Amino acid sequence: MKREALNYSLIGAFVLAVSFGVLAFLGAITGRAGPTDHYYVFYDNVSRLLIGATVTYEGYRIGQVSEITPDAPGGDTRYRVRLDIQQGWRVASDAIAKIQATGLISAVAIDISAGRSARYLIAGDTINSEEQADMFALLSDVAGEVRALSENGLMPVLVNLDERISELSEFRQEEVSPFLKRLDQSLNGTLLPRTNELLENLRSVSSNLRGLSGPDNTEKLNSFLTHIDNAAIQLSDLITRIDGTRKQMGTVLENLDELMDGERASVSATFEHAETSMRALEDAMATVNAHLDTILENTESASRHFGEFARAVRNDPSRIVRRSNVPEVQ
């Protein structure tokens, strides 16, 4: 009997110890451990807020909700929430207590912002409050907007797209075949032959250009250009000599004017100068005649070349663009 009583005593002591431990643990996790100061907060809506809800200060747990009481001083119902906060915890006068939830289905809590005021509340004061955002109302509003967008924006587009797809599905092959046939006829009957003709013309032009740039034609062109250059040089020389003659004739006229105004003694000298000028003029004219023969000879040679070239072109116009076998006229 004594052993059984001892066993029961030990079991009872163990149960009491576990009970006290559980109570202490519950007190610790609910914030009831140690003395507290109470503050009040007023809200218009305390949805999902329960007694025992956690109170945090910038996220740090400092107490819990101990009481929620309806209050209707002016006819509009408000709710006074009592907060039990660790004793000695300083709350700024401009701090704001806001109901917030970490998730859609998680329990709500009251978080107190730090504030910036240097004045602090005392136990029993009221903390400024901020109403919680109704997540379900926000979701309902978003759902309404999505529904309006679907009905007024997406549905007309989908209906229009469905109509266009239906029209395309009704476009039969018999209606496409004539179009494809006409397109094939245009490509094979008109465009391709004209393309081949254009390519042949390009080949012909290229061959003609190669023939025109042959050695014989190049030599003839160079010879013609050389004769033209020589003629231009000789004409320039002739113009220079004529200009000198003009200056000499001016001198002669000046001397004649002096002769008419001067004494008879200078007449003989003037005639001598005139004879000298005439001899110089004769020499100049002789030089001109000598060079004129050369110019006429070159011009006659060029005329023969042009005559031969014109006859060859009249007899065979294609000789312009291909190599000629007719020997040059000497």
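Mentor: Lys247 is exposed, with a relative accessible area of 53% (exposed is over 50%, buried under 20%, partly exposed in between; 1.4 Å probe, protein chains only). This is a predicted model, in which local features need pLDDT of at least 70 and side-chain atom pairs pLDDT 80 or more, while totals for chains, interfaces and linings use all residues. Residues are numbered from 1 along each chain as its sequence is written, and side-chain values use heavy atoms, without hydrogens and water.

The side chain of Lys247 meets that of Asp243 in a salt bridge, 3.8 Å from N to O (a side-chain nitrogen of Lys or Arg within 4 Å of a carboxyl oxygen of Asp or Glu). Salt bridges with shared partners link Asp243, Arg246 and Lys247 into one network. In the bridge between Asp243 and Arg246, the closest N and O atoms are 2.9 Å apart. These two residues are separated by about one helical turn because they stand three residues apart in helix H4. Asp243 itself is partly exposed, at 32% relative accessible area, whereas Arg246 is exposed, at 52%.

Arg241 is partly exposed, with a relative accessible area of 33%, and so is Asp237, with 31%. By the stated rule, the count of salt bridges comes to seven.

Ile11, Phe14, Val15, Val18 and Val22 form a nonpolar surface patch with about 450 Å² of accessible area together. Val15 is placed in helix H1, residues 2–29, and counts as partly exposed because its relative accessibility is 45%.

The largest nonpolar core has 22 residues, and Leu49, Leu83, Ile110, Ile112 and Ile127 touch the most other members (buried Ala, Val, Leu, Ile, Met, Phe, Trp, Tyr and Cys joined through side-chain atoms within 4.5 Å). Among the elements that give this core two or more residues are strand E2 (54–57), strand E3 (60–71) and strand E4 (78–86). Beyond neighbours within four places in sequence, Ile112 is in contact with residues including Tyr57, Leu83, Ile85 and Ile127 (heavy atoms within 4.5 Å).

The strands that hold some of these residues are paired (DSSP finds at least two bridges). E2 and E3 are antiparallel over four bridges, and Tyr57 has Tyr60 in E3 as its bridge partner. The two strands form a hairpin with two residues between them, and Glu58 in the turn has a positive phi of about 55°. E3 is also joined to E4 by eight bridges, again running antiparallel, with Gly63 opposite Ile85 in E4.

Past E4, the loop towards E5 contains Ser93. Ser93 counts as buried because its relative accessibility is 17%. Leaving out residues up to four places away in sequence, Ser93 touches Ser117, Arg119, Tyr120, Leu121 and Asn128.

Technical notes:
Patch = residues over 30% accessible without salt bridge, like charges linked within 9 Å, V, L, I, M, F, W, Y side chains within 5 Å. Areas by Shrake-Rupley, 256 points an atom, 1.4 Å probe, with all protein chains shown as cover.
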